[in-house]
Amino acid sequence: MTSSVVEGGRDEGKHEPSDLITETMNLTAPNLSLPSETETFLSAAISLKDKVVEETWNRRDQVVDPTVYTGLLGTAFTCLRSYQVTGCRNDLILSSEIIDTCVTAARASLRHVTFLCGRGGVYALGAVVANYMGDLQKRDLFLGLFIEVAKERALPVGPEEGGFGMSYDLLYGRAGFLWGALFVNKHLGEDAVPKDILMLIIDAVLAGGRAGASDIKDCPLMYRWHGTRYLGAANGLAGILHVLLHFPLPSEDAEDVKGTLWYLMSKRFPHSGNYPSSEGNPRDKLVQWGHGATGMAITLSKAAEVNYFPKYSNHSMFFIMHVS
């Protein structure tokens, strides 16, 4: 890393990883006139953030859940996003303090390596927040810890070598670690986590998907989580594909991703526009990010953004057809 604070590390023309929440305009820009609806929405969001901080940080128990998904690290992530929108440095300082608390708990309790549910999230968020704080020593410490996780033997091992039992999904598996790497590289520069490390993990994800789809016609990639072929974003195809869509893939791999997207879209319930939570599940109940159409919308948005479907150059037409 360089000796100066890195601001973003974005390059024109490159596909940037989407945040788990939508990228937000700079609401603190000089002379920016906000519509009254936007001001109301922002005020409500800040109020909700303050309530989350009060309930999860100020009133916390001794036992800390140090994850983004269900725990205290999610509060740190929210405070970072609040800082990015409002410029309130107190939110950034609070995010840093929460991360420091999560680090200790993560080392003792987390076996997963993902951004949402593992050590990878603590180290990735820690590096990015330290970078915003201008604490270069702390940034590099967290980045080093993240890269140590990236070199864990289980991550790049494919099915032909046993796979070491690590899943491929976004919540608990390899795709979830890759998302953490995308988050780091987005904020610290595209080579902060070296590509040669990440491509080995991507190869393992693709190999695992091909092995899992060996008995399914017209579906190049498929994965199981606890024996079930989930389709949604949390534990299934939508989440894994969303991550793979951020990487430049060789043509054969890209075609397999595209074919799997078409297969996934074919599972859409025609009467509601929703998607089943798992392969062969007839229930049309779950619409949330983890198991329903919401997660599919994010994945298809990324597919359209990186031009996987040139026919649908109008993104709104693509969504109307497949997620409405």
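## Ala 130 and its surroundings

In this predicted model, Ala 130 is in contact with Asp 135, Lys 138 and Arg 139, once its neighbours within four places in sequence are left aside. Ala 130 belongs to helix H4, which covers residues 119–133. With a relative accessibility of 4%, Ala 130 counts as buried.

Ala 130 and Leu 141 are separated by 11 residues in sequence, and their C-alpha atoms are 9.6 Å apart in space.

## The chain as a whole

The protein chain contains 11 helices and 0 strands. Read along the sequence, its elements follow the pattern α-α-α-α-α-α-α-α-α-α-α.

Of the 324 residues in the protein chain, 52% count as buried. The accessible surface of the chain comes to about 15400 Å², and 53% of that surface belongs to carbon and sulfur atoms. Among contacts between residues at least 6 apart in sequence, 62% join residues at least 24 apart.

## Helices H1 and H2

Two packed helices are described by the angle between their axes and the distance between the axes. Helix H1 (residues 36–58) packs with H2 at an angle of about 150 degrees, and their axes are 10 Å apart. This angle makes H1 roughly antiparallel to H2, the cut-off for that description being over 145 degrees. H1 passes H2 in a left-handed crossing.

On the H1 side, the contact is made by Leu 42, Ile 46, Lys 49, Val 52, Val 53, Thr 56 and Trp 57. On the H2 side, it is made by Leu 72, Thr 75, Thr 78, Cys 79, Ser 82, Val 85 and Thr 86. By class, the residues of the contact of H1 with H2 divide into 8 nonpolar, 5 polar and 1 charged.

## Helices H2 and H3

Helix H2 (residues 72–86) also packs with helix H3 (residues 89–109), at an angle of about 160 degrees and with the axes 8 Å apart. H2 is therefore roughly antiparallel to H3. The crossing in which H2 passes H3 is left-handed.

The H2 residues that meet H3 are Leu 72, Leu 73, Thr 75, Ala 76, Cys 79, Leu 80, Ser 82, Tyr 83 and Thr 86. Their partners in H3 are Arg 89, Asp 91, Leu 92, Leu 94, Ser 95, Ile 98, Ile 99, Thr 101 and Cys 102. The contact of H2 with H3 has 11 nonpolar, 5 polar and 2 charged residues.

## Ser 82 in helix H2

Ser 82 is found in helix H2. Among the H2 residues, Ser 82 takes part in the contact with H1 and also in the contact with H3. At 11% relative accessibility, Ser 82 counts as buried, the limit for that class being under 20%.

Which residues does Ser 82 touch, not counting residues up to four places away in sequence? They are Lys 49, Gly 87 and Asp 91. Of these, Lys 49 is listed in H1 and Asp 91 in H3.

## Phe 177 in helix H6

Phe 177 has its place in helix H6 and, at 1% relative accessibility, counts as buried. Leaving out residues up to four places away in sequence, Phe 177 touches Val 113, Thr 114, Phe 146, Val 149, Ala 150, Leu 155, Leu 198 and Ile 201.

One of these partners is Ala 150. Phe 177 and Ala 150 are 27 residues apart in sequence and 7.9 Å apart in space, C-alpha to C-alpha.

## The enclosed helix H8

The buried residues are Leu 237, Ala 238, Gly 239, Ile 240, Leu 241, His 242, Val 243 and Leu 244.

Which helices do the buried residues of H8 pack against? They pack against helix H6 (174–188), helix H7 (195–212), helix H9 (251–265) and helix H10 (293–305).

## Two loop residues with positive phi

His 226 is found in the loop between H7 and H8. Although His 226 is not a glycine, it has a positive phi of about 50 degrees. Its relative accessible area is 71%, and His 226 is exposed.

Asn 307 lies in the loop between H10 and helix H11 (315–322). Asn 307 is likewise not a glycine, and its phi is positive at about 65 degrees. With 49% relative accessibility, Asn 307 counts as partly exposed.

Definitions and conventions: Residues are numbered from 1 along each chain as its sequence is written. This is a predicted model: local features need pLDDT of at least 70, side-chain atom pairs count only at pLDDT 80 or more; totals for chains, interfaces and linings use all residues. Side-chain values use heavy atoms; hydrogens and water are left out. Axes are lines fitted to C-alpha atoms, for helices over the stretch in contact, and angles run from 0 to 180 degrees between N-to-C directions. Helices (H or I, at least four residues) and strands (E, at least two) are DSSP runs, numbered from the N terminus. Angles under 35 degrees count as roughly parallel, over 145 as roughly antiparallel, 65 to 115 as roughly perpendicular and the rest as oblique. A crossing is left-handed if the near helix is turned anticlockwise from the far one by less than a right angle, and right-handed if clockwise. Contact means heavy atoms within 4.5 Å. Ala, Val, Leu, Ile, Met, Phe, Trp, Tyr, Cys and Pro count as nonpolar, Asp, Glu, Lys and Arg as charged, and the others, Gly among them, as polar. Buried means under 20% relative accessible area, exposed over 50%, partly exposed in between (1.4 Å probe, protein chains only). Accessible areas come from the Shrake-Rupley method with a 1.4 Å probe; for residues, only the protein chains shown count as cover.
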